[in-house]
Amino acid sequence: ALGLRRAGRGGTWSTLALAAFAALLHWSHITHLFENDRHFSHLSTLEREMAFRTEMVILASWYRIYTRIMDLIGVQTKICWTVTRGEGLSPVESCEGLGDPACFYVAVIFMLNGLMMALFFIYGTYLSGSRLGGLVTVLCFFFNHGECTRVMWTPPLRESFSYPFLVLQMLLVTHILRATKLYRGSLIALCMSNVFFMLPWQFAQFVLLTQIASLFAIYVVGYIDIYKLRKIIYIHMISLALCFVLMFGNSMLLTSYYASSLAVIWGMLAMKPRLLKMNVSDLSLWVIQGCVWLFGTVVLKYLTSRIFGIADDAHIGNLLTSKFFSYKDFDTLLYTCAAEFDFMEKETPVRYTKTLLLPVVLVVFIAIVRKITSDVWCVIGKQQTHTRKQQFDHGELVYHALQLLAYTALGILIMRLKLFLTPHMCVMASLICSKQLFGWLFCKVHPGAVVFAVLAAMSIQGSANLQTQWSVVGEFSNLPQEELIEWIKYSTKPDAVFAGAMPTMASVKLSALRPVVNHPHYEDAGLRARTKIVYSMYSRKSAEEVKRELIKLKVNYYILEESWCIRRSKPGCSMPEIWDVEDPANAGKTPLCNLLVKDSKPHFTTVFHNSVYKVLEVIKE
């Protein structure tokens, strides 16, 4: 369907075979890394992500079907053994095999991300027009593996489910931009990939916003026609509506910048005849359309949020505001004080340079910019129409350049989002094999010689990066949390309500099955408000005031962690300092958590404590 025969002689089957090999290689690599860091070395993340996830329903149904079929035909699906831990600790059972729920869960994630590597090979091959391009993409991904993905260390992250479908979605967009005729199958596939990308991950809408902006930009300049963009906009609208229904009416989708942008562009396409009647130059028309899109999107987003009373994504706008201005509040500080939501670290571009990924991408980007400059100059200079049409045929290259700029901006502002930037850089690197950009060079030098010379230079640091990953060996152990969970199971009522740090609450919900008042789903305004009340335990407020608010939430037990009171990732980022911004009236007082660690009375009673956790029972009057 993607016309892979353009990759050269040998046809589609050899390309698919190489893609399958790439998938197997990546699956083997991430499985090996995970096995080295054995027994869920990031169990807190696993519990945090597993406890409240929609895709868990799908995986659970697959697991039940799999185990019932295997039981029916008499095939053993897991092997279990008892581990004696010594030091007065009780033995634990450990299991391996797809019959174990946790192993099944992780295996499905790894298989999905293995298939993603096959998509990357096909993507690089199709974009560059050469299987060498697919090879460059895959090897760049491996050489920069630590910058591309976190699936081997934290498999349950929502991006582990969602991102592979973005790769498929961008491949389909590339095909649609390049194709001279649109087929219904391609549009349906684009719609489904949009849905599967958005369903697991709340941040997907912001990524798709950058894509829509990039597509609109290349339409304005003239790289795609109105018919093609209109079809893409319709598909995005349909997939957004489907996600709204499948997410049980998640109103945050309808009031997002993504939805507003789609509506504004749809309106501008409908007004195209009137815009063409304006007696202005092409350059002025481009500027007008860009300003209308930007202003219209912001205004429509504001109006829809006010009309529907939706504030679930307000913290995202505040987070971006804090990046450019001195704005601070409780929610933004919780984000920006975490390293993954801070600005991109200075070492990241250095690591890109050492593997030559950044230099190669810069060469490709400059070649595309030269092409754009030439095309734009033709329009401004009013050259002949047939010349402009010929030069404006390769809109997919310009789209990828604009998407690279968007991902770069996201990655610089929020370090975690470099997981979009780095893989896209790997895809862009495949264009060193493109005859459209470097045909003048390949007339003098064989393409294979250029590619293998670049890959050989990349492999020097790339192989060192892989060796560093393979050398990571670890084993999970969290006895204090195990003691806490065991105490909760056997010493509290099944309907006892708990409050505390969000990661700990996910563990309590998942492992002890107790009700919790807050958990790691920060995209809900009500939940953010409850979390703020719960975290007031680490403020400088009085114990009586904090207890009064906890009673309103019907909290029976509060799990206090002293480390949360004293830890400080950087100046201004301890919990008491964060509360000083939110509650300046109490600044200078002793933090409540410090007082309760020493003596919890008279408003709380200590019912359990160990080296990490202290459980306080709320005394109700």
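Pro-602 sits in the loop between helix H30 (592-598) and strand E7 (604-609). A cis peptide bond joins Lys-601 and Pro-602, with omega at about 10°. Helices (H or I, at least four residues) and strands (E, at least two) are DSSP runs, numbered from the N terminus.

Before going on, here is how to read the values. This is a predicted model in which local features need pLDDT of at least 70 and side-chain atom pairs count only at pLDDT 80 or more, while totals for chains, interfaces and linings use all residues. Residues are numbered from 1 along each chain as its sequence is written, and side-chain values use heavy atoms, with hydrogens and water left out.

Which residues of H27 are buried? They are Ala-543, Val-546, Lys-547 and Leu-550; buried means under 20% relative accessible area, exposed over 50%, and partly exposed in between (1.4 Å probe, protein chains only). These residues are on the same side of H27, because they cover an arc of only 100° around the axis. The arc is that of the directions from the helix axis to the C-beta atoms. What covers them includes helix H26 (525-534), strand E6 (557-561), H30, E7 and strand E8 (613-618). H27 is followed by Lys-554, whose phi is positive, near 65°.

**Loops worth a look**

Leu-356 has a phi of about 65° and is found in the loop between helix H17 (347-354) and helix H18 (357-380). Its relative accessible area is 28%, so Leu-356 is partly exposed. For Leu-513, phi is near 60°, and the residue lies in the loop between helix H25 (502-512) and H26. Leu-513 counts as exposed because its relative accessibility is 63%.

Is Asp-583 buried or exposed? At 13% relative accessibility, Asp-583 counts as buried. Its place is in the loop between helix H29 (575-582) and H30. Asp-583 and Ser-536 are 47 residues apart in sequence and 10.0 Å apart in space, C-alpha to C-alpha.

**Rings that meet**

Now for the aromatic side chains. How many aromatic pairs does a search of the whole structure find? There are 23. Rings of Phe, Tyr and Trp (its six-membered ring) pair if their centres lie within 6.5 Å; planes under 30 degrees apart count as stacked, over 60 as edge-to-face and the rest as tilted.

| Pair | Centre to centre | Angle between planes | Kind |
|---|---|---|---|
| Trp-201 and Phe-203 | 6.0 Å | 40° | tilted |
| Trp-201 and Phe-420 | 5.4 Å | 15° | stacked |

Trp-201 lies in the loop between helix H8 (184-198) and helix H9 (204-221), and Phe-420 in helix H21 (residues 418-429), so their pair ties together parts that are 219 residues apart in sequence. Both Trp-201 and Phe-203 are buried, and Phe-420 is buried too. Ring pairs link Phe-120, Phe-141, Tyr-163, Trp-201, Phe-203, Phe-206, Tyr-407 and Phe-420 into a cluster.

Charged side chains meet rings as well. Lys-323 lies over the face of Phe-343, at 4.5 Å from the ring centre, and Arg-567 lies over the face of Trp-564, at 4.2 Å from the ring centre. A charge sits over a ring if NZ of Lys or CZ of Arg is within 6 Å of the ring centre and within 35 degrees of the ring normal.

**Ala-204 in H9**

The place of Ala-204 is in helix H9. Ala-204 counts as buried because its relative accessibility is 0%. Not counting residues up to four places away in sequence, Ala-204 touches Phe-197 and Met-198; contact means heavy atoms within 4.5 Å. The C-alpha atoms of Ala-204 and Tyr-258, 54 residues apart along the chain, are separated by 9.6 Å.

**Spaces inside**

A search of the whole structure finds five cavities of 30 Å³ or more. On a 1 Å grid over the protein atoms alone, a cavity is a set of points where a 1.4 Å probe fits but cannot get out; lining residues have an atom within 4 Å of a point. Grid points are joined across faces, edges and corners, and a volume is the space filled by probe spheres set on the points. About 130 Å³ of space lies in the largest cavity. Of the 14 residues that line it, the closest to its centre are Cys-148, Thr-149, Glu-159, Tyr-163 and Leu-419. Helix H4 (101-128), helix H7 (158-178) and H21 each give two or more residues to this lining, and H7 gives the most, with four residues.

Key
1 Å grid on protein atoms, 1.4 Å probe; cavity = no way out; pocket = protein on both sides within 12 Å on 5 of 7 lines; lining within 4 Å.
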